[in-house]
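Hi everyone, thanks for making time. I'd like to walk you through one chain today, so please have a look at it on the screen before I start.

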Amino acid sequence: MVESIDSLVARIEDSKARIQESQNSLSGLRVDAKAYYFNPLEIDERGFRFSFGIASLRGGSLFPETDALTFDVKDGIWEDANGNTREGFSGNVRVIRTKWDLANQFDLPEENVLDLEMGIGVVTLEENIGNDGLSLVGTANLAEVAITEGTRSAEIDTDETIRVGTSLGVGRGARMHWDDADNDGFREVGLGTDVPFLSLDVKTEDPLRTVMGITNGGLSDALLPEGNLTESVANGFGLSIKDENASNA
Ligand SMILES: [Ca+2]
Ligand SMILES: [Ca+2]
């Protein structure tokens with residue numbers, strides 16, 4: 001029996017779609033794992049870097065970041081695990097540190113962010129700036145724990161996350177954030193600080209809504225109009241905070 005060209009094409013298209021689907025689900029699980037690694041001093045036009053450790057994992061679905069006895073120094077220009085570029089200096093020592101994706105663990109709706117970070121013996125020295133923000137941090141913690149809660153979705157233009165942590169250690173830190181992690185054209189801008197016993201970072205796609213929420217004890221959100229308020233106000237002045245060229249804009 002000769003199959004009609006139309007049905008053959010339909011079957012090929014169907015197979016292609018299924019292959020793409022399985023590739024997408026696999027790429028979501030891609031894990032960069034290193035064990036007993038030693039990367040000796042590397043010097044080139046981008047700067048210098050060296051790292052070694054017992055175990056380092058990036059990209060797992062439940063534990064996207066885990067380090068066991070790792071030592072990492074970078075100077076110059078580098079790209080981080082999320083594809084962001086930073087320039088400056090970064091030095092990290094981690095006896096044990098992990099991030100647990102609780103939103104994934106408990107099958108929360110996809111837009112929810114709920115991360116728990118835990119570390120023992122963590123030294124952080126950051127003096128760098130990049131496309132996603134800037135960090136000026138010098139901390140040494142015997143133990144640290146932090147929780148991040150909020151939303152992150154290309155379908156939402158008012159995403160907000162807050163990260164609150166506590167630690168037993170010394171040092172200070174300041175951060176500025178301006179990444180657009182969900183590529184929806186609205187940068188998640190914000191500030192962060194580390195002081196003894198407290199670490200705090202706030203990121204928002206709608207700074208005006210966030211500031212009004214903070215100044216009104218969080219009650220205003222239900223009373224405010226939907227959509228990105230900062231953008232609405234900017235539009236009133238003939239301006240826009242949205243990058244229409246972003247891939248999910
Ligand atoms: Ca968003
Ligand atoms: Ca965004």
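Predicted model: local features only at pLDDT ≥ 70, side-chain atom pairs only at ≥ 80, totals over all residues.

Which residue in strand 3 does Ala55 stand opposite? Ala55 faces Ala68 there, and I'll come back to that pair in a minute.

Residues are numbered from 1 along each chain as its sequence is written, while chains are lettered from A and ligands numbered from 1 in the order in which they are written.

Okay, the overall picture. The chain has 5 helices and 9 strands. Reading from the N terminus, you get α-β-β-β-β-α-β-β-β-β-β-α-α-α. Along the principal axes, the C-alpha atoms fill a box of roughly 75 × 50 × 40 Å.

Of the 249 residues, 22% are buried. Buried here means 20 or more other C-beta atoms within 10 Å of a residue's own, exposed means 12 or fewer, and partly exposed is in between, with the C-beta atoms placed from the backbone. Then contacts: two residues are in contact if their C-beta atoms, again placed from the backbone, lie within 7 Å. Among the contacts with a separation of 6 or more, 53% are between residues 24 or more positions apart.

Now the strands. I'll say that two strands pair if DSSP finds at least two bridges between them. Strand 1, residues 32–44, runs antiparallel to strand 2, residues 47–58, over 10 bridges. A hairpin of 2 residues links strand 1 to strand 2, and Asn39 sits opposite Ser51 of strand 2.

The hairpin of strand 2 and strand 3 has 6 residues between the strands, and Gly59 in it takes a positive phi near 100 degrees.

Strand 5 and strand 6, residues 133–151, are antiparallel and joined by 18 bridges. Their hairpin has 2 residues between the strands, and Asp115 is across from Thr148 in strand 6. Strand 6 then runs antiparallel to strand 7 with 17 bridges, where Ile147 is opposite Val164 of strand 7.

Let's zoom in on one residue, Leu125, in strand 5, which covers residues 112–130. Is Leu125 partly exposed or buried? It counts as partly exposed, because it has 19 C-beta neighbours inside 10 Å. Leaving out residues up to four places away in sequence, Leu125 touches Gly91, Val137 and Gly138. Leu125 and Asn92 are 33 residues apart in sequence, yet their C-alpha atoms are 6.4 Å apart in space.

A couple of loop residues are worth a look as well. Asp107 isn't a glycine, but its phi is positive, about 50 degrees. You'll find Asp107 in the loop between helix 2, 102–105, and strand 5, and it counts as exposed because it has 8 C-beta neighbours inside 10 Å. Asn183 is another non-glycine with a positive phi, near 50 degrees. Asn183 lies between strand 7, 160–179, and strand 8, 188–195, and with 13 other C-beta atoms within 10 Å, Asn183 is partly exposed.

Last stop, the helices. Helix 3, residues 207–215, packs on helix 5, residues 229–236, at an angle of about 120 degrees, with the axes 6 Å apart. That makes helix 3 oblique to helix 5. The axes are lines fitted to C-alpha atoms over the stretch in contact, and angles run from 0 to 180 degrees between N-to-C directions. Under 35 degrees is roughly parallel, over 145 roughly antiparallel, 65 to 115 roughly perpendicular, and the rest oblique.

Who meets whom? Pro207, Leu208 and Arg209 of helix 3 meet Leu229, Thr230 and Val233 of helix 5. In helix 5, the buried residues are Leu229, Thr230 and Glu231, and they pack against helix 3.

Terms used: Helix = DSSP H or I, 4+ residues; strand = E, 2+ residues; numbered from the N terminus.
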